[in-house]
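Please look over the sequence and the structure before reading on.

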Amino acid sequence: MRRGYPPKLAVVLTPEERASLEEVARQWRAPHLEVLRAKALLMAADGARNVDIAEAVGIGARTITIWRGEFLERRLDSIHARPRSGRKRRFPP
């Protein structure tokens, strides 16, 4: 393990979770961040390294580590963005 990087968290998917993630990854009308998370988690389940996933998806390796941890805590609920603190949006998305 290199200094400064946390250990890689193993992502193991059930067949139902894999099917659900593949469906989200194929959708072109889904929110972009959800599609990226689904693709990243599918790659993680296939054994890819965080650095390789980050390069393929276009997001930092630290973010991939965070996404892996959130998936292990909340499973498929981690795909959808959680409400953020602070003032409500003024304009609809």
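Of the 93 residues of the protein, 32% count as buried, where buried means under 20% relative accessible area, exposed means over 50%, and partly exposed lies in between (1.4 Å probe, protein chains only). The model is a predicted one, in which local features need pLDDT of at least 70 and side-chain atom pairs count only at pLDDT 80 or more, while totals for chains, interfaces and linings use all residues. Residues are numbered from 1 along each chain as its sequence is written, and side-chain values use heavy atoms, with hydrogens and water left out.

**Overall architecture**

The secondary structure comes to four helices and zero strands; helices (H or I, at least four residues) and strands (E, at least two) are DSSP runs, numbered from the N terminus. Along the sequence the pattern reads α-α-α-α. Taken along the principal axes, the box filled by the C-alpha atoms is roughly 45 × 30 × 25 Å. A contact is defined as heavy atoms within 4.5 Å. Of the contacts with a separation of 6 or more, 54% are accounted for by residues 24 or more positions apart.

**The nonpolar core**

In soluble globular proteins, nonpolar side chains tend to be buried together. A nonpolar core is here a set of buried Ala, Val, Leu, Ile, Met, Phe, Trp, Tyr and Cys residues joined through side-chain atoms within 4.5 Å. The largest such core has 19 residues, of which Leu-13, Leu-21, Ala-40, Ile-53, Val-57, Ile-64 and Trp-67 touch the most other members. Two or more residues are given to this core by each of α1 (15-26), α2 (32-45), α3 (50-57) and α4. The largest share, six residues, comes from α2. Leaving aside residues up to four places away in sequence, Ile-64 touches Ala-40, Asn-50, Ile-53 and Ala-54.

The expected span of a helix is 1.5 Å times one less than its number of residues. The 14 residues of α2 should therefore span 20 Å, and its end C-alpha atoms are 20 Å apart, which agrees. The buried residues of α2 are Glu-34, Val-35, Leu-36, Arg-37, Ala-38, Ala-40, Leu-41, Leu-42 and Ala-44. Their cover includes α1, α3 and α4. Just after α2, Gly-47 takes a positive phi of about 95°.

Two packed helices are described by the angle between their axes and the distance between the axes. In this report, axes are lines fitted to C-alpha atoms, for helices over the stretch in contact, and angles run from 0 to 180 degrees between N-to-C directions. A crossing is left-handed if the near helix is turned anticlockwise from the far one by less than a right angle, and right-handed if clockwise. The table sets out two pairs.

| Helix pair | Angle between axes | Distance between axes | Crossing |
|---|---|---|---|
| α1 and α2 | roughly 135° | within 8 Å | left-handed |
| α2 and α3 | about 145° | 10 Å | right-handed |

Angles under 35 degrees count as roughly parallel, over 145 as roughly antiparallel, 65 to 115 as roughly perpendicular and the rest as oblique; α1 and α2 are therefore oblique to each other. Their contact is made by Arg-18, Leu-21, Glu-22, Val-24 and Ala-25 of α1 and by Glu-34, Val-35, Ala-38, Lys-39, Leu-41, Leu-42 and Ala-45 of α2.

As for the other pair, α2 passes α3 in a right-handed crossing. Leu-36, Ala-40, Met-43 and Ala-44 of α2 make the contact with Asp-52, Ile-53, Ala-56 and Val-57 of α3. Asp-52, in helix α3, counts as partly exposed because its relative accessibility is 36%. Asp-52 and Ala-40 are twelve residues apart along the chain, and their C-alpha atoms are separated by 9.8 Å.

**Helix α4 and the segment after it**

With 14 residues, α4 should span 20 Å at 1.5 Å a residue, and its end C-alpha atoms are 20 Å apart, which agrees. Ile-64, Thr-65, Trp-67, Arg-68, Gly-69, Glu-70 and Phe-71 are buried in α4. These buried residues pack against α1, α2 and α3.

Arg-75 lies in the segment after α4. Its phi is near 50°, a positive value in a residue other than glycine. At 27% relative accessibility, Arg-75 counts as partly exposed.

Arg-82 also lies in the segment after α4 (61-74). Not counting residues up to four places away in sequence, Arg-82 touches Glu-70 and Arg-74. Arg-82 and His-32 are 50 residues apart in sequence and 15 Å apart in space, C-alpha to C-alpha.
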